[in-house]
Amino acid sequence: MMDILLVEDDAAFAAMLARSLQRRGHAVRHTANVAAALQEAARTPQAIILDLNLGGDSGLRLLPQLLAVAPQARLLVLTGYASIATAVEAVKLGAVNYLAKPAGADEILAALGAPAPNPECALPAAPMSLKRVSWEHLQRVLAEHDGNVSATARALNMHRRSVQRMLAKRPVRD
């Protein structure tokens, strides 16, 4: 049994995931914002599941703060907007794993319980599509500019609204 802190702003998804984890015997505490997450992290959870997009706030900014308050916790980043750039940043900041939504409770628990990186991880059968490569490039440039859409647009020589429209779309799944 693990004591898990779930930091997720989508109430319906959080309730479903918390129920699934509780059915498997884990204690789950849910928070939906940064202040409450830091308060709950002080109660020393064994694991933290952190949404990357917290109602406009970046989970990446919260990640080091959570680990400073609860350094023993295994932190997993869970997001509906997965990209290579944010995955790399999350791991650099101390996350033990990074999963794209939708991820089931069993997959989440496996990611939290994985003792070490797996060098036998299967390689993709085909290269990423052009749309996916574009999404990844946009995410990398956005990360380089600390999430500033206007600076990202200038760096890509695009109009700011075009970048905003691209960011509003779900990433392409290969």
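Predicted model: local features only at pLDDT ≥ 70, side-chain atom pairs only at ≥ 80, totals over all residues.
**Notebook: pocket, cores, salt bridges**

I started at the largest pocket: β5 (57-58), α3, α4 and α6 each supply at least two residues of its lining. Helices here are DSSP runs of H or I with at least four residues, strands are runs of E with at least two, and both are numbered from the N terminus. Residues are numbered from 1 along each chain as its sequence is written, and side-chain values use heavy atoms, with hydrogens and water left out.

**Pocket**

The rule for a pocket, on a 1 Å grid over the protein atoms alone: an open set of points where a 1.4 Å probe fits, with protein on both sides within 12 Å along at least five of seven lines; lining residues have an atom within 4 Å of a point. I get a volume of about 730 Å³ for the largest one. That volume is the space filled by probe spheres set on the points, with grid points joined across faces, edges and corners. The lining runs to 19 residues, and S58, L60, T86, L142 and G147 lie nearest the centre. Which helix gives the most to the lining? I find α6, with four residues.

Is T86 buried or exposed? T86 is buried, at a relative accessible area of 9%. (Buried is under 20% relative accessible area, exposed over 50%, partly exposed in between, with a 1.4 Å probe and protein chains only.) The side chain of T86 makes a polar contact of 2.5 Å with that of Y98. I take a polar contact as a pair of N or O atoms within 3.5 Å; within protein, one must be able to donate a hydrogen and the other to accept it, and residues adjacent in sequence count only if both atoms are side-chain atoms. Leaving out residues up to four places away in sequence, T86 touches L52, L60, Y81, Y98 and Q139, where contact means heavy atoms within 4.5 Å.

In α4 I also see A85, A87 and A90 buried along with T86. The cover over the buried residues of α4 includes α3 (59-69), β6 (74-79), β7 (97-100) and α6 (130-144). Just after α4, G94 has a positive phi of about 120 degrees.

**Cores**

For a nonpolar core I join buried Ala, Val, Leu, Ile, Met, Phe, Trp, Tyr and Cys residues through side-chain atoms within 4.5 Å. The largest core has 22 residues, and V7, I48, L50, L63, L66, L75 and V77 have the most contacts inside it. At least two residues of this core come from each of β1, α2, β3 (47-51), α3, β6 and α4. The largest share, five residues, is from α3. I followed L63: beyond four places in sequence, L63 touches L50, L75, V77, A90, L93, G94 and A95. A second, separate core has 20 residues, A18, V28, A105 and L112 among them.

T79 was a side look in strand β6. T79 counts as buried at 1% relative accessibility. Outside four places in sequence, T79 is in contact with D51, L52, Y98, L99, A100 and K101.

**Salt bridges**

How many salt bridges does the whole structure hold? I find five, each a side-chain nitrogen of Lys or Arg within 4 Å of a carboxyl oxygen of Asp or Glu. D3 pairs with R29, closest N and O atoms 2.8 Å apart. D3 is in strand β1 (residues 3-7) and R29 in strand β2, so this pair ties together parts that are 26 residues apart in sequence. Both D3 and R29 are buried. E40 meets R43 at 2.9 Å, N to O.

E89 and K92 form another, at 3.8 Å, N to O. These two sit three residues apart in helix α4 (residues 84-92), which means about one helical turn between them. E89 is partly exposed at 30% relative accessibility, and K92 is exposed at 62%. Shared partners link D3, R29, E40 and R43 into one salt-bridge network.

**N33**

Last entry: N33, in the loop between β2 (27-31) and α2 (34-41). N33 is partly exposed, with 39% relative accessible area. A polar atom of the N33 side chain lies 2.8 Å from the backbone nitrogen of A36.
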